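Trainee: I would like to learn to read a model feature by feature. Can we take burial, contacts, helices and cores in turn?

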Amino acid sequence: AFWIFLLCITSCSEPRPLATSQESTLNEIPVKYARGFQIFETPEGIKVRLRDAGDTLKIIDEYFFTNDSQKEGIKVPINAATLNSTTFVAFFDWLERVDLVKGLSYTESVMNKNMSVLIRAGQTLEITEGGEPAYELIVALAPDIYMTYDIDEENTTRLEGAGIEVIKNLEYQEPHPLGRTEWIKLVGILTGKFEESVKIFEEIESRYWEIRRKAGLSSYLPA
């Protein structure tokens, strides 16, 4: 069913200027299909830049991840997460870390078996009330991150003030299904399983093109 879904896919905040004075010192890790993010390796950790998938010159946000408790940045690997979209669940499941998801929006619509088990056991709670994120509950759960596709400045400040990092996942903006799938690399960074996320993505990529070849569909060359 996943492959049928993948083949059938056809298709923030105000951008801010980016300081590029240290850009040449960063080692960019290749991102093949996704247009909405870039990954850079630094001596201190990993930097992720979010861009507008429709206009990659527009920078949406930047995150710096580190496993060094003495350095500034988002500490990884995380121990707990809350997610504002069920589409994010697959990334955690592929990496075998759905156990990290302590809160999730629209749990009644979850199709993932492993996630459903945790929801039924009360280990993952619904974090939406009346169609809106229940920020008081999110704060009470005290996760390391709140992953969302959109959030206003007021609630971003509220969560960050409670020690919760707000991470935007804009996979839905990607024009190609493999671009959406490649966002697993962001979750790989968060969970400390980046290398595994790359391998999983490459396996999905290979199987995707094999299915298209057998189906006689036209090829696609990433930009």
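Trainee: Is lysine 102 buried, partly exposed or exposed?

Mentor: Start with the cut-offs. Buried means under 20% relative accessible area, exposed over 50%, and partly exposed in between, with a 1.4 Å probe and protein chains only. Lysine 102 has a relative accessible area of 30%, so it is partly exposed.

Trainee: What ground rules apply?

Mentor: This is a predicted model, so local features need pLDDT of at least 70 and side-chain atom pairs count only at pLDDT 80 or more, while totals for chains, interfaces and linings use all residues. Residues are numbered from 1 along each chain as its sequence is written, and side-chain values use heavy atoms, leaving out hydrogens and water.

Trainee: What is the average pLDDT of the chain?

Mentor: pLDDT is the predictor's confidence in each residue, from 0 to 100. The chain averages 90, and 86% of the residues score at least 70. Residues 7-22 stay under 50.

Trainee: Back to lysine 102. Which strand holds it, and which residues does it touch?

Mentor: Helices (H or I, at least four residues) and strands (E, at least two) are DSSP runs, numbered from the N terminus. Lysine 102 sits in strand 7, residues 101-104. A contact means heavy atoms within 4.5 Å. Beyond four places in sequence, lysine 102 touches Ala80, Ala81, Gln123, Thr124, Leu125 and Leu141.

Trainee: Which backbone oxygen does the side chain of lysine 102 reach?

Mentor: A polar contact is a pair of N or O atoms within 3.5 Å; within protein, one must be able to donate a hydrogen and the other to accept it, and residues adjacent in sequence count only if both atoms are side-chain atoms. Here the lysine 102 side chain reaches the backbone oxygen of aspartate 99 at 2.9 Å.

Trainee: Is threonine 191 buried or exposed?

Mentor: Threonine 191 is buried, at a relative accessible area of 5%. It belongs to helix 7, residues 184-191. A polar atom of its side chain lies 3.4 Å from the backbone oxygen of glycine 188. Leaving aside neighbours within four places, its contacts are Pro77, Phe92, Leu95, Arg97 and Leu100.

Trainee: Which residues of helix 5 are buried, and why do they line one face?

Mentor: In helix 5, residues 153-161, Asn155, Thr156 and Leu159 are buried. They fall within an arc of 105 degrees, so they line one face of the helix. The arc is that of the directions from the helix axis to the C-beta atoms. The face turned away carries the exposed residues Glu153, Glu154, Thr157 and Gly161. Cover for the buried residues includes helix 4 (135-141), strand 11 (145-148) and strand 12 (165-168).

Trainee: What happens at the two ends of helix 5?

Mentor: At the start, a side-chain oxygen of aspartate 152 comes to within 3.3 Å of the backbone nitrogen of glutamate 154. Just after the helix, glycine 163 takes a positive phi of about 85 degrees.

Trainee: How many residues does the largest nonpolar core have?

Mentor: In soluble globular proteins, nonpolar side chains tend to be buried together. A nonpolar core is a set of buried Ala, Val, Leu, Ile, Met, Phe, Trp, Tyr and Cys residues joined through side-chain atoms within 4.5 Å. The largest core here has 44 residues, and Val48, Phe65, Leu83 and Met147 have the most contacts inside it. Apart from it lies another core of eight residues, including Ile127 and Tyr146.
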